[in-house]
Amino acid sequence: MSMTASKTSVPDRAEHNAFFPSEYSLGQYVPARTDFDGAVGAPQVTSGPRKILAIAVDERYLPTQGGKLFSTGNHPVETLLPLMHLQAAGYEVEVATLSGNLAKFEMWAFPAKDEAVKTAYEGLLPALEHPKRLADVVATELGEDSEYAAVFIPGGHGAMGGGVPDSADIKDTLVWALENDRPVITLCHGPAALCAATDEEGASYFAGYSLCVFPDALDKGANVEIGYLPGQLTWMLGERLKQQGLTIVNDGMSGQVHRDRLLLTGDSPLAANALGRLAVETLTGRTYSA
C-alpha cells in the first residue's frame, strides 16, 4: 500500500455515520496471505467430546466516542485459522450467536490471496449463516456429558459490543467450561466475552488468570491516528480485564499466545495460527508431529 494512501476512515454506505478502516490502515494490518502452516502433523482426537462451540458476533456496528460507528464484526483470520487447526485434528465446529442471527464478518480484513482460508470460510458458511441461538445451547446442550470439547470466541472489535461483555448466556457458557474442564480459546478482542463471567457481587470467575489481549495502547493511539477506528472506543478492554483481576502478559502485538490452566489466548491476528496449534495440543494432549 502506498504511503500516500488515505488515513481517513471510509464511510460504510449501508449505515448512517458508520465507517470502515482507512486504506492506509488496511495496508498496514491486512496481508494478502496468512501464516497458516497447513496444520501438517496435527494430532488427531481419539476420544471424548469432538465438537467446538464457536460463539460468533451477530452485531456489526460498535459505537465510538462522538457517536461514530465502527463497521466491525468477527475478524476472519482470528476466526478461521484456529478453527482450521481444530478441524484438521478431527473436531467438528458448531457456531452460535446471541440472537441466532447470522455471524457478521470484517470482510475488509479477509486475506485476498489465501486459498486455504477462502476454502475454510466457504466450508463454514452454512454454520455461520444459520447458527444456533446461544440460549438454546445453554438450555439443552451443556452439562457434564456435553458433546462440546471447548469454547472458542473469535477476535474482532465486534466482541466489545452487541451485548457480548454483559451476556448472561455467555456467562453461563464460560462458567460451564470452567466447571467441566473445557478449554476456553480466544484472542485479540475476543476476551471481551470474559467480562461477562462475573458472579452476583461482580467478581470475575477468571480473576487470577493471566492472558494475552489486544493492547489498549494501540486502540487509544495508533488505531485512531491511522483511521483504523473512526474514533476512540467508549471503553478499553485491557483496563476492564485488569479491573476484574486478570493479568495481561503482553505489551504489544507480536503474535504471542499464552495458556493459563485451560484459558488459551492470543494477542492479535498474528497469533491465530499459533493459537490453533496450542488449542489442538491442549485438547489432544499431544504435540504436532511436524
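In strand β8 (residues 148-153), F152 stands opposite A54. The model is predicted: local features need pLDDT of at least 70, side-chain atom pairs count only at pLDDT 80 or more, and totals for chains, interfaces and linings use all residues. Residues are numbered from 1 along each chain as its sequence is written, and side-chain values use heavy atoms, with hydrogens and water left out.

**Strand pairing**

- Strands here are DSSP runs of E with at least two residues, numbered from the N terminus.
- Two strands count as paired if DSSP finds at least two bridges between them.
- β3 and β8 run parallel and are joined by four bridges.
- β3 also pairs with strand β6 (residues 92-97) in the parallel sense, over five bridges.
- In β6, V95 is the residue that A54 stands opposite.

**Burial of β3**

- Buried means under 20% relative accessible area, exposed over 50%, and partly exposed in between, with a 1.4 Å probe and protein chains only.
- Strand β3 (residues 51-55) is largely enclosed by the rest of the structure, because five of its five residues are buried.
- In a regular strand the side chains alternate between the two faces of the sheet.
- From β3, I52 and A54 point one way and K51, L53 and I55 the other, and all are buried.

**Cysteines**

- A disulfide is a pair of cysteine sulfur atoms within 2.5 Å, and by this rule the count is zero.
- C188 is in no disulfide, and its nearest cysteine sulfur, that of C212, is 11 Å away.
- For C212, that separation of 11 Å from the sulfur of C188 is too far for a bond.
- C188 is buried, at a relative accessible area of 4%, and C212 is buried at 0%.
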